[in-house]
Amino acid sequence: MSVRFEITKNEKGEFHFKLLSGDGKTLLRSEGYNAKTSCTNGVESVRKNAADDKRYDLKTASDGRPYFNLKASNGQVIGTSPMFADAAACEAAVAATKAGAADAPVDDKS
């Protein structure tokens, strides 16, 4: 499955990135950044950390749905996944992120 990053700018002027699966579903999304360079640095951090199992923090929301955070080596959250219907879907998103993020192209829509 090929993945890609998408950079957008919201109505507040903040830059965000998403890592999207080949079928366009969100695997991971970032926080808002005031500067585009900070956003692109976040993309590079995902590329650098995505292959490392230790960087994934698997969580369960209060309603029981699984999701994950991807963290940098300093422990800072780089991106958060959406909530998934079940653990298998969450695990598939982690696998797609690990496999594709390092070489994923960037689609800048900002």
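Which residues have the most contacts inside the largest nonpolar core? They are Phe 5, Phe 17, Leu 19, Val 46, Phe 68 and Leu 70, in a core of 25 residues. Keep in mind that this is a predicted model, where local features need pLDDT of at least 70 and side-chain atom pairs count only at pLDDT 80 or more, while totals for chains, interfaces and linings use all residues. Residues are numbered from 1 along each chain as its sequence is written, and side-chain values use heavy atoms, with hydrogens and water left out.

**The core**
- A nonpolar core here is a set of buried Ala, Val, Leu, Ile, Met, Phe, Trp, Tyr and Cys residues joined through side-chain atoms within 4.5 Å, with buried meaning under 20% relative accessible area (1.4 Å probe, protein chains only).
- At least two core residues come from each of β1 (4-9), β2 (15-20), β3, α1 (36-49), β5 (66-71) and α2.
- α2 gives the largest share of this core, four residues.

**The pocket**
- β3 (26-29) and α2 (87-100) each bring at least two lining residues, and α2 has the largest share with four.
- Sorted by class, the lining is eight nonpolar, two polar and two charged residues.

**The record**
- UniProt lists residues 11-57 and 61-108 as "domain: DUF1508", in an unreviewed entry.
- Residues 11-57 are 30% helix and 26% strand, with end C-alpha atoms 30 Å apart.
- Residues 61-108 are 29% helix and 27% strand, with end C-alpha atoms 31 Å apart.

Methods
Nonpolar A, V, L, I, M, F, W, Y, C, P; charged D, E, K, R; others polar. Buried < 20%, exposed > 50% of the residue type's maximum accessible area, 1.4 Å probe, protein only. UniProt positions renumbered as here; feature names shortened; annotations may be inferred.
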